[in-house]
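Let's take a quick walk through this protein model, one topic at a time. Keep the 3D view open as you read.

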Amino acid sequence: MLDAVTPTQTRADEAFECLQTAIVKGELAPGEKIGEVELCERFNLTRGPLREALGRLESRGLLVRRPHAGFKVVSINGEELLELYRIREAMEGLAACQAAERMTDAEIDDLQRLLDRHEQMVDEAQGQAYYQHEGDYDFHYCIAIGSRNRKLSQMLLGDLYYMVRLYRYRLSTSAGRPHRALREHRSIADAIANRDGELAQFLMQRHINAARLNIEKKIQEGVLTF
């Protein structure tokens, strides 16, 4: 898995990306206890890069260190997750509104091209999943940055961002949800392109509210457990 490393990417970087993706995709489940030996064997890692990666994941709040007992993947309960989505609904709605006012035309073009790549990705997954890598590859990240509101983006892209990513992928695998989420993203991007902040805010809030309702349904059906 770690055979080829680019000059700008260290073994620790690759180990970090490998483990973070495993956590986001649920291969390392919330609350799961993990040890160094197990991780080295499971993901073909070596001790030095692994330890650096674990420290970075702990600083992001994705791992919790247990004294004399290794690490475990962070977990939250259903009500806490729903509260996170209520917070996202308000904050990301504001970010979308301000992005419509402040993003440059070039940034909006980049956002539209990003969604074209996402559409290809969803199609390749046969509509079964919508996985967005973090940072510039993540639609929500781009909106937060595009808001040009430093305090707001700091709150959205801090611990809240990485905690929510633990569950966004799992929730994107609902039947029909990937294509529906992509359509919602395109509608938000179109409102931003039209410089309609009020509509962008409404569409973003409705988009996240739909995701929260999906969580509630999965909890009630016993599909999503904590």
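Tyr161 and Tyr162 are both buried (buried means under 20% relative accessible area, exposed over 50%, and partly exposed in between, using a 1.4 Å probe and protein chains only). Bear in mind that this is a predicted model, where local features need pLDDT of at least 70, side-chain atom pairs count only at pLDDT 80 or more, and totals for chains, interfaces and linings use all residues. Residues are numbered from 1 along each chain as its sequence is written, and side-chain values use heavy atoms, with hydrogens and water left out.

**Aromatic rings**

- The model has two aromatic pairs (rings of Phe, Tyr and Trp, the last by its six-membered ring, pair if their centres lie within 6.5 Å; planes under 30 degrees apart are stacked, over 60 edge-to-face, and the rest tilted).
- The rings of Tyr161 and Tyr162 have centres 5.1 Å apart and planes at 80 degrees, so they make an edge-to-face pair.

**Charges over rings**

- Arg56 lies over the face of Phe16, 4.1 Å from the ring centre (the rule asks for NZ of Lys or CZ of Arg within 6 Å of the ring centre and within 35 degrees of the ring normal).
- Arg88 has its charged end over the ring of Tyr85, 4.9 Å from the centre.

**A cavity to explore**

- Searching the whole structure turns up two cavities of 30 Å³ or more (on a 1 Å grid over the protein atoms alone, a cavity is a set of points where a 1.4 Å probe fits but cannot get out, and lining residues have an atom within 4 Å of a point).
- The second largest cavity holds about 100 Å³ of space, where volume means the space filled by probe spheres set on the grid points, which are joined across faces, edges and corners.
- H8 gives the most to the lining of the second largest cavity, with four residues.
- By type, the lining of the second largest cavity splits into seven nonpolar, one polar and three charged residues (Ala, Val, Leu, Ile, Met, Phe, Trp, Tyr, Cys and Pro count as nonpolar, Asp, Glu, Lys and Arg as charged, and the others, Gly among them, as polar).

**Cysteines**

- How many disulfides does the structure hold? The count is zero (a disulfide is a pair of cysteine sulfur atoms within 2.5 Å).
- The closest cysteine sulfur to that of Cys40 is in Cys18, 11 Å away, so it's too far for a bond.
- For Cys97, the closest cysteine sulfur is in Cys142, 18 Å away, again too far for a bond.
- Cys40 is buried at 15% relative accessibility, and Cys97 is buried at 13%.

**Loop residues**

- Asn44 isn't a glycine, yet has a positive phi of about 55 degrees; Asn44 sits in the loop between helix H2 (36-43) and helix H3 (47-59) and is partly exposed at 48%.
- Arg148, also a residue other than glycine, has a positive phi near 55 degrees, and Arg148 is in the loop between H6 and helix H7 (150-156).
- Gly31 and Val64 are 33 residues apart in sequence and 9.1 Å apart in space, C-alpha to C-alpha.

How values were computed
On a 1 Å grid over the protein atoms alone, a cavity is a set of points where a 1.4 Å probe fits but cannot get out, and a pocket is an open set with protein on both sides within 12 Å along at least five of seven lines; lining residues have an atom within 4 Å of a point. Helices (H or I, at least four residues) and strands (E, at least two) are DSSP runs, numbered from the N terminus.
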